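Please walk me through this model in the viewer, one selection at a time. I would like to know what to select next and what is there.

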Amino acid sequence: MTPEISEEVFSQILATLERGLVCPHISNYIFCELAPDLRPEKVVDRAMACKPIAL
């Protein structure tokens, strides 16, 4: 969400978020959200609310 970082660094941050949070939709929350004023805290809150499905 910060345009001042390189694409490589952003990819590493996104991969870390995907591993740390069990949410498979974190990139959708960052890039495809309908609310243009979505704060990073809200993105993390949504991702943390995601629970894994027990198979």
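Start with the cartoon view of this predicted model. The protein has three helices and zero strands, and from the N terminus on its elements run α-α-α. Color the helices separately: α1 covers residues 7-20, α2 covers 26-31 and α3 covers 40-49.

Next, show the surface of the whole protein. Its accessible area comes to about 4,500 Å², and 60% of that belongs to carbon and sulfur atoms. Of the 55 residues, 18% count as buried. For the contacts, consider pairs of residues at least 6 apart in sequence: 35% of these contacts join residues at least 24 apart.

**The core**

Hide the surface and select F10, L14, L21, C23, I26, I30, L38, V43 and A47. These nine residues make up the largest nonpolar core. Helices α1, α2 and α3 are the elements that give two or more residues to this core. In soluble globular proteins, nonpolar side chains tend to be buried together.

**The two cysteines**

How far is the sulfur of C23 from the closest cysteine sulfur? The distance to the sulfur of C50 is 4.1 Å, too far for a bond, because a disulfide needs the two sulfur atoms within 2.5 Å. C50 is likewise in no disulfide, the sulfur of C23 being the nearest cysteine sulfur to its own. A search of the whole structure finds zero disulfides.

Now compare how the two residues are covered. C23 has a relative accessible area of 2% and is buried. C50, with 22%, is partly exposed; the cut-off for buried is under 20%.

Is I13 buried, partly exposed or exposed? With a relative accessible area of 40%, I13 is partly exposed, and residues in a patch need over 30%.

Finally, select A49, which lies in helix α3. A49 counts as exposed because its relative accessibility is 54%, and the cut-off for exposed is over 50%. The residues are 27 apart in sequence, and the C-alpha to C-alpha distance is 9.2 Å.

Definitions and conventions. Residues are numbered from 1 along each chain as its sequence is written. This is a predicted model: local features need pLDDT of at least 70, side-chain atom pairs count only at pLDDT 80 or more; totals for chains, interfaces and linings use all residues. Side-chain values use heavy atoms; hydrogens and water are left out. Helices (H or I, at least four residues) and strands (E, at least two) are DSSP runs, numbered from the N terminus. Buried means under 20% relative accessible area, exposed over 50%, partly exposed in between (1.4 Å probe, protein chains only). Contact means heavy atoms within 4.5 Å. Accessible areas come from the Shrake-Rupley method with a 1.4 Å probe; for residues, only the protein chains shown count as cover. A nonpolar core is a set of buried Ala, Val, Leu, Ile, Met, Phe, Trp, Tyr and Cys residues joined through side-chain atoms within 4.5 Å.
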